[in-house]
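Work through the exercises below with the sequence and the 3D structure at hand. Each task is followed by a stepwise solution.

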Amino acid sequence: MAENTTREKPARKGALLEVENLRVEFPTRRGTLTAVDDISFHIDEGEVLGVVGESGAGKSMTGTAIIGLLEPPGRIAGGEIRLDGRRIDNLPYEKLRRIRGREIGMVFQDPLTSLNPLYTVGHQLIETIQTHTDMSESQARRRAIDLLAEVGIPAPERRIDQYPHQFSGGMRQRVVIALALCVNPRLVIADEPTTALDVSIQAQIIKLLKKLCSEHGAAVMLITHDMGVIAETADRVAVMYSGRIAEVGPVREVIRNAKHPYTHGLMGSIPMVGHDLDRLTQIEGSMPRLTEIPTGCPFNPRCPKVFERCRHERPELIAVEDTRVACWLYEEGEQRRTGSHG
Amino acid sequence: MAIAPEEIQVSPGLFGRVIDGGRRFFDGDIFYAFKKSPLTIAAFVVTVLMFAIALSAHWLAPFDTMNLSSLNLMDARLPPIGWQFNDGGMMVDPDPRFLLGTDEQGRDLLSAMMFGLQISLEVGFASVILAAVFGTLLGLVSGYAGGRVDSFIMRVADVQLTFPAILIALLIDGATRTMMDPDTHQAFKLPILILAIAASQWVNFARTVRGSTLVEKNKEYVQAARVIGIRPSLIMIRHVLPNVLGPVLVIATLSLAIAILTEATLSFLGVGVPATEPSLGTLIRLGQNVLFSGMWWLTIYPSLVLVILVLAVNLLGDWLRDALNPRLR
Amino acid sequence: MFAFIVQRLFQAVLVMLVVGLISFALFRFTGDPVNNMLGQEATIEQRQALREKLGLNDPVPMQFFKFLVNASQGEFGLSYRVGKPVEELIATALPATLELVFVSALMALLIGVPMGVYTGLKRHAPLSRMFLTVSLVGVSLPTFVIGILMILVFGVWLGWLPTFGRQGLVDLGFWETGLLTLKGWSFLIMPAFTLALFQLTLIMRLVRAEMLEVLRTDYIKFAKARGLRNRAINYGHALKNTLVPVITIMGLQVGSLLAFSIITETVFAWPGMGRLFLDSIRFVDIPIMSCYLMLMAFFFVIINLSVDLLYYAVDPRLRAETLGGAAH
């Protein structure tokens, strides 16, 4: 609700992408659903930000909102998105189109359906390169071959003329990554890039994505529900719950010392070597649907540390040590620490 | 992570399902979409009205046009109310008894159209029901049995689908004519026509039901049923039938429009309903014969009724399809 | 590729054989052909002579074989009603029907596809809504009603166009065409449009539905995310994927045009195959019926074959399958 458009902060030093008080709404006949509710975060140049949460938490919606591809009737209802301090959420279609692919690349979940089956991978690469640069056909083709080699596709000179169905799932996701990176965007939004892949190659693809992005100097917004992937890949992590950010901070800090009870629960659900957990814990209940988000803190019905205030007032993000957390346990000054599980 | 309650497969009893279905209907998207679309409401009203007229034609029609002895040649070639007709240099005024005018034998067009509508709807409904029952059965068998039975039924369906309905109906009509003498053929004309139209329509039903059956067949509860010794065919039918009810209804509605059109077309071509029981298509054919002498009403009014009827049924079918398919909204 | 064509050809021959069998059965076993040709009053000697001449005394498989050989050479015997060789009747009627169907198909395609693309892309534009409403009326209007209305308006009331028959023909020796003279076109245009209207609306609705389906896919979303221009997305990526299913349906629709030409020809007294067939049904003229049946089956087989080949040209996935699977 707090739509602070007046708070015109100068661009953060080094911040590539800033999202401020973003709200995404879906008008339906039973009322308006708020899929993303007043979230703010930033991504620095060259940084990997992990966005983690259950399905329906609004992660993907945030990603698609940034690149301006929300499916109608979904729409950005408030807030700002800035790239290099320049607002991009209210750009006319054509200007935004030039940013897509050129400055912000995107990798979707399913490589099987991301590529047009009727065109060769070369055609799709060359077409993207030529859309954003002045390269000639042969220059673009050379670059496409280089890119395919870079993403680890063997015999790229031959495979460039093949159709998507002639590639395996993992290989196709490599092609998709090549497509996202082909004109050196400064930010890559990777929306669950490995969920649809075979478990055995998930790690490879994530590694490749991270390596290539750092080589190309691109920051990454890595959307996933897998805390393990985040732990290995991200510099910082934002934990989302019911369309809001529950906690955001450096990965080490969030993992070692989770502050929000929800994050704590998430951590409890991944096995870790060296931790003397007797058993994996789980969070009771499930995330509320968008139609029935409770008042106050959306996590309150499932929270083990709930108290009266959580049921009525919505917590804002508060700085606690290096992280920021939306929880009434951490009101200014009074930093009650969550006891770690034994 | 805990399993969300809605992920657990619950199969409520039939009674519960009906109650639930009823509540969902009036509370749900379908009824909502209906209320939101004035065109659909209009189509619904028109369809119901047409059905009502057809059903009560015997009481509503001002004249019994089926009874040829009641015709009076003195009443022939009268224009509809509000029009004048130049009959070979002589201006003819309308007669208030005949609202929409008369034909060359003095038959009241309005009454003839009411009976025609009745016959058109009769043939349409009968053939769609026939096609739906057979198509659904064959689809169930095809999907459940699989293997050779399945590929045989589907092959036949494929081949038949390449032949347009009109052609199949014509061929069946032609074949029966060669096999029967003219009198027998005349006597069996209506059932043959219904059969011919139904034969051209069963494929759509069979395909849909087969697809749905295949989906259900691979679900775990069917496997589970087999394990605990219940006949899977029985449990499947109980699950498949409710699932295909929606699509079958959509196909049936759209098929009704096509069936009415096919009947009208065949009757127009002179191979449809027997001449003693003129349907809308027959009326149009008879009207076309005298179109050049200026008696336009004999063609225009039956055509108008036919088009409005088919349009209304089509609109209902279209709307039903969209309402039942949430992806298209 | 080769194996694919051989397989399809084999299927085509099989279909033709089955239809041939049906035609033969129709001819041989329904009613007595001798009675049909000579009438009840013929003498026994006359009957015997005809039986011999028609080969009706041969064993049935032999008769079927002869029937097939004759049919493949275009010989279908004498029409019961007219007494002329069937192939002669067909030869005069066939050009009329094929020209009608060809012009209609062209009309339906050239108008229907752009309209479908437009309504698919601009879903909420007022023009799209109008097209859709009109198309619904088009689907609900029976062909014969359209024809009658056109005759009434352009023929009877306005007097602009001739209402029946086919004139203005130029004899090319093997083919009498009406496409070379203005007069020929004036006779063709109304029947052709009448026949095209239903297909046109069907094609438009189909292209629109496919277009909407394709525009929802992930690869279109990804193409947008890559910042491709709208033109490239709509006409390069979306339209090409739309065409794959559209091609099949269009193939079927040519068959449908052939069938519906029966109605159009009746309304406009167009001297084509459809009318010939309809008359043959009314008068139980079996040789013409069986010939028409085989000819239609032949056309359908040819159309299906070309659709398959076209499919094959558009969709690389099919090509790969027949080449022996994907490379890894």
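The model is predicted: local features need pLDDT of at least 70, side-chain atom pairs count only at pLDDT 80 or more, and totals for chains, interfaces and linings use all residues. Residues are numbered from 1 along each chain as its sequence is written, and chains are lettered from A and ligands numbered from 1 in the order in which they are written.

**Exercise 1.** Describe how helix 5 and helix 12 of chain C pack.

Step 1. Locate the helices, which are DSSP runs of H or I with at least four residues, numbered from the N terminus (strands are runs of E with at least two). Helix 5 of chain C spans residues 86–121 and helix 12 of chain C spans residues 286–314.

Step 2. Take the geometry, with axes fitted to C-alpha atoms over the stretch in contact and angles running from 0 to 180 degrees between N-to-C directions. The two helices pack at about 55°, and their axes are 10 Å apart. Helix 5 and helix 12 of chain C are therefore oblique to each other.

Step 3. List the contact, where two residues touch if their C-beta atoms, placed from the backbone, lie within 7 Å. Helix 5 of chain C contributes Val86(C), Leu89(C) and Ile90(C), and helix 12 of chain C contributes Pro287(C), Ile288(C) and Cys291(C).

Step 4. Classify these residues, with Ala, Val, Leu, Ile, Met, Phe, Trp, Tyr, Cys and Pro as nonpolar, Asp, Glu, Lys and Arg as charged, and the others, Gly among them, as polar. The contact has 6 nonpolar, no polar and no charged residues.

**Exercise 2.** Is helix 13 of chain B mostly covered or uncovered?

Step 1. A residue is buried if 20 or more other C-beta atoms lie within 10 Å of its own, exposed if 12 or fewer, and partly exposed in between.

Step 2. Helix 13 of chain B is mostly covered, with 9 of its 10 residues buried. Among them are Leu280(B), Arg285(B) and Gln288(B).

Terms used
Angles under 35 degrees count as roughly parallel, over 145 as roughly antiparallel, 65 to 115 as roughly perpendicular and the rest as oblique.
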